[in-house]
Amino acid sequence: MKIVMLGAPGAGKGTQAKMIADKYSIPHISTGDIFRANIKEGTPLGAKAKEYMDKGLLVPDELVCDLVVDRIQQDDCKNGYILDGFPRTIPQAEALTDALSKISDKVEYAINVEVPDENIVNRMGGRRACVGCGATYHVKYNPPKVEDVCDKCGEKLILRDDDKPETVQKRLDVYHEQTQPLIDYYTKQGVIAEVDGTVDMNEVFDNIVKLLEA
Ligand SMILES: [Zn+2]
């Protein structure tokens, strides 16, 4: 089961990816984890990636793709894998398709967790973080006992800049511009699987499983 996860930041795709990985005993692979592992182990690819990162530059698509392809050829991926956060752009998706075809492999499912921007902006806008201990809350889904006060340490709770509506909307605009074309790309490849991400996360998961086992 070879899966790519698509979905806007805040759509809950990371949570779904973990649940899929657990159910099917396949690794949940994020590029951040691959970078960290390769740099820690001092692999040649890791050393190359580190050069860019140390300079504060983006790791080029081809190199990211090499790292991903290297990762998915490891033993634990023989029953499949789930890629989270890669590809993000059309050039990355094309590089991945090319690299996979060289090892007679291809993406089997591109799962798109679909959530309207408005819902994501509202969800994120309800988050609160403690200025003291960093504990996080949500005004609707996980409220503190006393409004705007941390249950754990009694400090004040704030809405982080990252969670403010204008910041969230900016991130979503970038997502739509870069990643939305991927949905078309994988639709053309006949591997897109779309689920409604606005319902309860267990229901989202059940719907994904239905698509995977159809
Ligand atoms: Zn606290």
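Mentor: Start with surface: accessible areas come from the Shrake-Rupley method with a 1.4 Å probe. By that method the accessible surface of the protein chain comes to about 11900 Å², and 50% of it belongs to carbon and sulfur atoms. Bear in mind that the model is predicted.

Trainee: What makes Cys130, Cys133, Cys150 and Cys153 the protein donors of the zinc ion?

Mentor: A donor is an N, O or S atom within 2.8 Å of the metal. The SG atoms of these four residues lie 2.2 to 2.3 Å from the zinc ion, so they count as donors. In sequence the donor residues are spaced C-x2-C-x16-C-x2-C. Cys130 in strand E5 and Cys150 in the loop between strands E6 and E7 are 20 residues apart, and the pair links distant parts of the chain. Both Cys130 and Cys150 are buried.

Trainee: Why is the site of the zinc ion called tetrahedral?

Mentor: Four donors count as tetrahedral if all angles lie between 85 and 135 degrees. Here the angles are 98 to 117°, so the site is tetrahedral.

Trainee: How do you know that strand E1 and strand E4 pair?

Mentor: Pairing needs at least two bridges. E1 and E4 have five, in the parallel sense, so they pair. Ile3 stands opposite Tyr109 in E4. E4 and strand E8 also pair in the parallel sense over five bridges, and Ala193 in E8 is the bridge partner of Ile111.

Trainee: Why does the radius of gyration agree with a compact globule?

Mentor: With 214 residues, such a globule would have a value near 17 Å; the protein chain has 19 Å, which agrees.

How values were computed
Residues numbered from 1 in each chain as written. Predicted model: local features only at pLDDT ≥ 70, side-chain atom pairs only at ≥ 80, totals over all residues. Heavy atoms only, no water. Donors = N, O, S within 2.8 Å, 3.2 Å for Na, K, Ca; no water. Tetrahedral: all angles 85-135°; square planar, octahedral: opposite > 155°, others 65-115°. Helix = DSSP H or I, 4+ residues; strand = E, 2+ residues; numbered from the N terminus. Buried < 20%, exposed > 50% of the residue type's maximum accessible area, 1.4 Å probe, protein only. Rg over C-alpha atoms; globule rule 2.2 N^0.38 Å.
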